[in-house]
Amino acid sequence: MPVLRPQPKPEPEVVPGVRHPLEKYLRTDRLPHIWCSGCGLGIALSSFLYALEELGIDPDSVAVVSGIGCAGRFAGYVRLDSYHTTHGRAIPFATGLKLAKPELNVVVFSGDGDLFAIGGNHFIHAARRNIDITVLCVNNFNYGMTGGQVGPTTPVDGRTTTTPYGNFEHPFNLVYLAASAGATYVARWTTLHARRLKESIKEALRHPGFNFIEIISPCPTNFGRRNRLGEALDEMRYYAEKAVIRHGVDPAEAEVVPGEEFIVGKFVDMEKPTYLELYRRKVEELFGRKR
Amino acid sequence: MADNPTTRNAARVTGRRILSGVHFMNGDEAIAEGAIAAGCTFFAAYPITPQSEIAERMARRLPQVEGVFIQMEDELGAMAAVIGAAWGGVKAMTATSGPGFSLMMENIGLAVMTETPCVVVDVQRGAPSTGLPTLVGQGDMMQARWGSHGHYEIIALSPASPQESFDLTVKAFALSERFRSPVLIMTDEVVGHMYERVEIPEEVPIAPRRRPTVPPDGFLPYRPDEDLVPPMACAGDGYRIHVTGLTHDERGYPAMDAEAHDRLVRRLCEKITRFRDEFTWYEEVMTDDAEVLVVSYGISARVSLGGVELARAKGIKAGLLRLITIWPFPDELIRRAAERAGGIVVVEINLGQIYREVKRATGGRVPLRGVFHAGGRIHTPEEVLAGIEEVLRCRS
């Protein structure tokens with residue numbers, strides 16, 4: 001038997017002589033990325049990077065923390081301090097990072113399964129504590145990386161590899177969950193709404209406290225294919241048809257149900273002291289000096 | 001503001017990192033004070049008996065020394081937060097007991113793989129499962145060695161007194177920085193709750209973190225120095241590195257092939273095993289002429305000393321080898337001891353975990369007996385004596 005060895009990968013093709021405006025934020029030597037064509041993660045990534053660019057944030061002050069899964073690979077492509085942690089534990093990792101170095105802008109970027117199934121407990125507690133981080137959740141309604149299994153946001157009747165007869169579990173409404181757990185900034189967009197998403201990320205990055213943005217995204221390889229949603233472009237057309245932009249809606253009323261209109265926009269934007277502000281206040285009360 | 005460090009109340013009000021002086025405190029509190037003296041400014045944990053005194057002491061003390069205490073929602077989160085804090089540039093610790101130790105295992109592996117310095121304390125209690133929450137055990141010793149998935153090396157230290165709990169915690173932080181590795185303190189319920197004299201020195205050095213000496217351009221975050229340990233660039237240092245639990249190359253980038261994996265895993269192991277002599281710590285009592293050697297650790301070693309004294313009173317030349325460094329296991333030390341002694345007795349509060357290591361290290365060259373108990377109480381000196389006499393009988 002001949003020994004099979006991995007072939008060396010070709011050098012990434014970057015357009016000669018042309019620099020993409022976001023290239024400075026990317027580990028271009030890691031391209032091409034592993035995401036499927038039609039996946040929304042690239043739009044989410046560029047929206048985030050444009051937000052950084054437009055806010056003029058010093059890239060050395062930004063740290064990105066991801067969990068595991070397709071969205072978990074986000075941390076690997078940004079030329080920032082970036083941490084690809086264990087499944088579900090991006091938020092507690094980010095909590096430690098932020099508390100140890102408060103001057104950092106800590107951004108958690110992960111998926112619906114990572115943040116809300118295996119990592120759900122950490123999500124609600126970080127929101128409750130109002131830890132000053134921004135959590136960007138790409139919601140593609142299933143576990144893409146492992147081949148398309150049911151997740152905590154899979155809609156009822158959704159077909160996945162582990163719900164071959166259709167899903168019968170109730171899914172989470174992520175913005176409702178975030179708001180009720182205490183998040184001080186909550187928004188939802190789809191990857192169709194790239195500019196609004198970018199503006200929303202800019203708001204979140206400037207907003208002290210626990211910020212949460214759900215980014216609804218196509219998964220043409222898995223969820224889209226199994227549920228006959230067509231190509232990624234068809235899913236974008238679906239978003240154009242069904243997404244209704246409204247701000248200030250009660251997140252309890254903002255469920256995402258297949259075939260029905262759904263709300264995107266900003267649900268919560270409020271001021272509340274962050275964990276570190278309260279901690280420092282307590283220390284000052286007790287010891288009369290600033291931390 | 002009262003500022004008398006020799007009283008227990010001082011812990012309430014002082015802003016001192018080092019509570020120099022003589023104290024009466026338990027092993028758990030001594031671990032907390034050892035950590036703070038060593039420069040620990042971040043502690044994340046979840047309440048569990050018999051660890052709570054560590055967390056409570058840290059909750060009181062850390063805000064005084066510009067540190068952060070956070071009680072996380074579970075031990076999974078506690079361990080993850082500790083790793084995150086370490087990458088934020090600080091010295092970080094967590095503490096737990098068996099059930100929580102189990103929950104920390106996956107992220108201990110992340111700390112091993114990403115080479116994150118941190119300290120993890122396990123105050124062992126009766127186990128498996130919920131077991132005996134308030135009673136002593138030493139049944140997590142193999143979990144400390146192999147609990148996370150995959151092949152790796154870990155450093156584990158076992159204190160036998162509150163004073164040693166303080167001292168070893170300071171050393172654990174130094175080792176974690178030296179090797180860029182999690183370091184485990186495997187204490188137990190009795191040492192944790194035992195009150196004794198603890199003398200805290202005037203000065204406790206803060207172990208430095210090895211930082212990059214080259215500018216960010218061209219810095220390879222996982223290219224090791226000659227001693228196999230790479231310098232560590234933390235978040236915000238300007239190096240913009242990628243850190244992943246995936247198998248990675250010297251750039252820190254995922255490398256999904258067998259060769260890269262073998263190279264990385266071997267280096268992670270060898271960076272510790274090659275330098276094990278630097279920290280193979282132990283104590284010998286009456287071993288010069290000993291015909292029977294009792295090998296033990298933690299609280300069991302203290303009881304074993306009583307058994308050795310009983311044997312000496314009966315004219316049996318017994319001695320005690322108390323292991324302080326448990327992992328990596330001191331094979332060479334045990335091998336040399338076995339050459340001198342006519343028999344070895346291993347005393348521990350489990351059914352033979354370190355016994356297996358002693359058996360392996362001695363290769364069956366000397367008669368070996370174990371004095372075991374599954375947990376819930378410490379041994380009596382008489383039980384240790386019986387073990388000594390038994391091994392003597394099978395020798396003759």
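**A cis proline in chain B.** B:P328 sits in the loop that links strand 14 (325-327) to helix 11 (331-340) of chain B; here helices (H or I, at least four residues) and strands (E, at least two) are DSSP runs, numbered from the N terminus. The peptide bond between B:W327 and B:P328 is cis, with an omega of about -5°. Please keep in mind that this is a predicted model: local features need pLDDT of at least 70 and side-chain atom pairs pLDDT 80 or more, while totals for chains, interfaces and linings use all residues. Residues are numbered from 1 along each chain as its sequence is written, with chains lettered from A and ligands numbered from 1 in written order.

A:P32 belongs to the segment before helix 1 (41-55) of chain A. Now turn to B:S129, which is not a glycine but has a positive phi of about 55°. You will find B:S129 in the loop between strand 5 (118-126) and strand 6 (132-136) of chain B. As background, most residues other than glycine have a negative phi, and most peptide bonds are trans.

**Helix 10 of chain A and the glycine that follows.** With 13 residues (275-287) at 1.5 Å each, helix 10 of chain A should span 18 Å, and its end C-alpha atoms agree, being 18 Å apart; the expected span is 1.5 Å times one less than the number of residues. Just beyond helix 10 of chain A comes A:G288, with a positive phi of about 65°.

**Helix 2 against helix 7 in chain B.** Helix 2 (residues 27-37) and helix 7 (residues 162-179) of chain B pack at about 30°, and their axes are 7 Å apart. Axes are lines fitted to C-alpha atoms (for helices, over the stretch in contact), and angles run from 0 to 180 degrees between N-to-C directions. From helix 2 of chain B, the residues taking part include B:A30, B:I31, B:G34 and B:A37, while B:F166, B:T169 and B:V170 are among those from helix 7 of chain B. This contact of helix 2 with helix 7 of chain B has seven nonpolar, five polar and two charged residues; Ala, Val, Leu, Ile, Met, Phe, Trp, Tyr, Cys and Pro count as nonpolar, Asp, Glu, Lys and Arg as charged, and the others, Gly among them, as polar.

**Helix 4 against helix 5 in chain B.** The axes of helix 4 and helix 5 of chain B come within 8 Å and cross at roughly 30°. On helix 4 of chain B the contact uses B:E75, B:L76, B:M79, B:A80 and B:I83, and on helix 5 of chain B it includes B:L103, B:M104, B:N107 and B:I108. Sorted by class, this contact of helix 4 with helix 5 of chain B holds nine nonpolar, two polar and one charged residues.

**Where chain B touches chain A.** In this view, 40 residues of chain B are in contact with 37 residues of chain A; contact needs C-beta atoms, placed from the backbone, within 7 Å. On the chain B side, at least two residues each come from strand 2 (40-45), strand 3 (68-71), helix 4 (75-87), helix 5 (98-114) and strand 10 (242-244). Helix 4 of chain B gives the largest share of that side, with nine residues. The side of chain B that touches chain A is made up of 22 nonpolar, 12 polar and six charged residues.

Nine strands form an open, mixed sheet in the order 9(A)-10(A)-7(A)-8(A)-4(A)-3(A)-1(A)-2(A)-10(B). Strand 9 (243-245) of chain A and strand 10 of chain B are its edges, each with a single partner strand, so one side of each has no neighbour in the sheet. The average twist is 20° from one strand to the next. At the chain boundary, strand 2 (residues 81-84) of chain A pairs with strand 10 of chain B in the parallel sense over three bridges; pairing takes at least two DSSP bridges. There, A:S82 faces B:H242 of strand 10 of chain B. Strand 9 of chain A runs parallel to strand 10 (residues 262-269) of chain A, joined by three bridges, with A:V264 as the bridge partner of A:I245. Helix 3 (residues 90-100) of chain A lies across strand 1 (62-66), strand 2, strand 3 (105-111) and strand 4 (134-139) of chain A, at about 175° to strand 3 of chain A.

**A five-stranded sheet in chain B.** This open sheet runs 11-13-12-15-16 in chain B, with mixed pairing. Strand 11 (282-285) and strand 16 (368-372) of chain B are at the edges with a single partner strand each, so each leaves one side without a neighbour in the sheet. Direction ignored, neighbouring strands of this sheet are turned by 20° against each other on average. Strand 12 (residues 292-297) and strand 15 (residues 343-348) of chain B run parallel and share five bridges, where B:V292 faces B:G343 of strand 15 of chain B. Helix 12 (residues 353-362) of chain B packs on the sheet, touching strand 12, strand 15 and strand 16 of chain B, and its direction makes about 155° with that of strand 15 of chain B.

Definitions and conventions: Contact = placed C-beta atoms within 7 Å.
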